[in-house]
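Please keep the sequence and the three-dimensional view at hand while reading.

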Amino acid sequence: MGLCGPYPPHDRLSVMARFDPAQDIPTPRRRGCGGVFFCVMLVVGAGWGAALGVFVWVLEDAKTTIAALEDFRPKIGTKVYSADGELLGEFSNEEKRQLVRLSEMPLYLQKAFVATEDDKFFDHRGVRPDAIINALVYTIQHGRTRGGSTITQQVVRNVESLGVGQERKLQRKIREAIVALQVEREFTKDEILELYLNQIFLGISAWGVESASWQYFGKSCTDLTLGEAATLAGLTRAPNAQEPIHHFDNALARRNVVLGQMLENGFISRKEYDGAVAEDLAASIITPEERAARRASGKGVWTPNQFQAPYFVEEVRAFMLDRFPKEEVFEDGLEVHTTLDMRLQRAAEEVLLSALDEFDAKKLKYLQARDREKEFTPVSGALVCIDNREPYQGWVRALVGGRDFQKDKFNKATQALRQPGSSVKPFVWALAINSGMTASTVVIDEPFEQLDGAGNVWRPKNFTGDFRGPMPIRLALEKSVNIVSIKLAQQLGAPRVISLYRNCGITTPIDNTVGLTIALGTPVVRVIDQCVAYSVFANGGARYDYLMVPEVRDRDGLVRYRHEKDDTGARSGPEQVMDPRVAFIMTHLMEGVARFGSGARSRALDRPRAGKTGTTNESRNVWFCGFTPDYTCVVWLGYDDNRPLGKGVNYTGGRLACPIWTQFMIRAHEGLPKRHFVEPDGIVWYNIDRETGVQGGNYPEAYLAEGPPPPTEWYGDLYPDTDGELDANLLEDL
């Protein structure tokens, strides 16, 4: 037994001595995996609960997003229209968009976008798992990303107000997919596709198929060919890199790819495919040069923030921003209906700019002949035409404020302040007639002196530098005699002349310190105000303030603004600032100016007309202000730096401004019947000698009933130094 037997139980010391801790650790007792399973399930349950919570949150958020989508209105600019319905342009922000209904778009245009972006659009429910998987595989294989989003997902992603965003995050993609599913439940496929085609960016500055169609092809998307429609659809992946104006080869290649996709999906036939591929895309693209030519010819090409009649439209922009919030003007799709007549506007631009070019050519030739070419600078000009016809009195039908809006945005028709010169005289004469004088009233043209406030002697002169003695004020107006105008203002009172001038429509400040120089037109005025003031004569003494915007509507056609309408819808009445009889007599006097006097170069306008020239000192400003029963028009010429136009009779209102006025008015009246000025009650007529003003001649003159002309026998008393004869030679060029 000895060494091989068991240890004696009583030998504890020997047992402890033989114990090896490294070899004799007790084996732990085996247990089951229930605890691990419990932990795993706890984590999975918590994750599932969290995911469910996120899903419920995203779903609730999707409902909010759907509500936002129902209220969503794409940002579109404000369109400006002429009175004859022609689009003048659009005030827009960075997103240049025009909306068009899906029913108005060609079916092949819709199919082109569906073929290239989402060929299963009408089959899926908003999300395509297969497309997403294919996109992931493509990314792994090629190292480049490719979209797997449906058209519905793109709508959700691109509508900024929905708040889904475009960041490349899983959370955003999940939210996008859930929202897309919800959108498909709430909206029809046609509604989704219409929103998509009006919202998508298609290069340069075009958002939506309509603005892109105008941008690239110069026409509405409703008129696109199949090849052109495919070209637009090809822009979706890389708009600015594949647009056809600057990247034609890329655009052509993409067009053919889209056509191939349409053929593959059965959207078009082989014959349609071949025909579209054969289309000459280069011939379809509208170049910048062609765009300019179309605009000049009046066809019009839509370009955001590029306008026909730009000086006029800029005034409309200021008007809108004065009355509507900026965001509404540039994003809410208002429609501004203006007073502009594009036929008259084109005539005004052509006539005025042609005359300015002709003047510059002559001036340059003159300077070159004297080796002074460095002194040359282009001349400026402005033209405003206002309607006199019922019920459109005061409507601005044409407005040219300069030569080139892109180079000079300062509007000479509405912003420039220039001296009117002798064109102020009809208002002096009107006050004289209103005060009891007649066309036959005699005033002596003679040297005149007056001390100014500083004690200096003022000696005004006539344009010709000579004096003609006694003359009726009719003849003095025809000859534009300065001394007679000054004497009338002196007798009537300069403050009264100023008051009448302002009441007739002059808005620039004129104080009494101008004194008698008011009679020579020294205070500065605006061209458009001068046009309003002259229209008072044509409208029987009634002032109609100028109007450019009679109505503004929102995108739904509801009226947002209407100018001066009473409860019956009629325009409110004007302000009567002059006796109708006085206005008629002054019109008759100015008919004489247009026939015999400084405005005689208007005779080519073979219809009743009246007007007055204006030429300031050294010919720094030249004017012709005139009217017919139909229109009032004012033309101004001068240099921006106020230098003289030139010296002599060739640089007067009669020589420079009157022919422009006449050419424009001839074109403006094309197709209109000849009308005579309406005579009010209280006018009596006498046959007089037009040069002396006394009875007995063969010229019919208008008088107030209480103011007949002097009899023939007064002739010698009135003109003692003439022996009964006056110089009949009338000056045309004052």
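This is a predicted model: local features need pLDDT of at least 70, side-chain atom pairs count only at pLDDT 80 or more; totals for chains, interfaces and linings use all residues.

**The antiparallel sheet**

Strands of a sheet pair through backbone hydrogen bonds, either parallel or antiparallel. In this model, 5 strands form an open sheet in which the pairing is antiparallel, and their order is E7-E6-E18-E17-E16. Strand E7 (396–400) and strand E16 (610–615) are the edge strands, each of them pairing on one side only. On average, neighbouring strands of this sheet are turned by 5° against each other, if direction is ignored. Helix H17, which covers residues 342–369, packs on the sheet and touches E6, E7 and E18, while its direction makes about 30° with that of E7.

| Strand pair | Bridges | Facing residues |
|---|---|---|
| E6 and E18, antiparallel | 8 bridges | Leu-383 and Val-635 |
| E16 and E17, antiparallel | 6 bridges | Gly-611 and Gly-626 |
| E17 and E18, antiparallel | 7 bridges | Phe-624 and Val-635 |

Is strand E17 mostly covered or mostly open? Strand E17, made of residues 621–627, is mostly covered, with 7 of its 7 residues buried. Asn-621, Trp-623, Cys-625 and Phe-627 point one way from the strand, whereas Val-622, Phe-624 and Gly-626 point the other way, and the residues on both sides are buried.

**The mixed sheet**

Another open sheet of 5 strands has mixed pairing and the order E2-E1-E5-E13-E14. Here the edge strands are strand E2 (87–91) and strand E14 (559–562), each pairing on one side only, and the twist from one strand to the next averages 15°. Within this sheet, strand E1 (residues 78–81) and strand E5 (residues 335–337) run parallel and are joined by 3 bridges, with Val-80 standing opposite Val-336 in E5. Helix H15, residues 310–323, lies across E1, E2, E5, E13 and E14, and it runs at about 45° to E2.

Two packed helices are described by the angle between their axes and the distance between the axes. Helix H9 (residues 226–233) and helix H11 (residues 248–264) pack at an angle of about 105°, and their axes are 8 Å apart. This angle is why H9 is described as roughly perpendicular to H11. At their contact, Leu-226, Gly-227, Ala-230, Thr-231 and Ala-233 of H9 meet Arg-254, Arg-255, Val-258, Leu-259 and Met-262 of H11. Sorted by class, this contact has 6 nonpolar, 2 polar and 2 charged residues.

In the loop between H11 and helix H12 (270–277) lies Ile-268, which counts as buried because its relative accessibility is 9%, and buried means under 20%. Apart from its neighbours within four places in sequence, Ile-268 is in contact with Leu-226, Leu-259, Met-262, Leu-263 and Tyr-273. The C-alpha atoms of Ile-268 and Ala-112 are separated by 9.5 Å, although these residues are 156 residues apart along the chain.

Note on methods:
Residues are numbered from 1 along each chain as its sequence is written. Side-chain values use heavy atoms; hydrogens and water are left out. Two strands pair if DSSP finds at least two bridges between them. Helices (H or I, at least four residues) and strands (E, at least two) are DSSP runs, numbered from the N terminus. Axes are lines fitted to C-alpha atoms, for helices over the stretch in contact, and angles run from 0 to 180 degrees between N-to-C directions. Contact means heavy atoms within 4.5 Å. Buried means under 20% relative accessible area, exposed over 50%, partly exposed in between (1.4 Å probe, protein chains only). Angles under 35 degrees count as roughly parallel, over 145 as roughly antiparallel, 65 to 115 as roughly perpendicular and the rest as oblique. Ala, Val, Leu, Ile, Met, Phe, Trp, Tyr, Cys and Pro count as nonpolar, Asp, Glu, Lys and Arg as charged, and the others, Gly among them, as polar.
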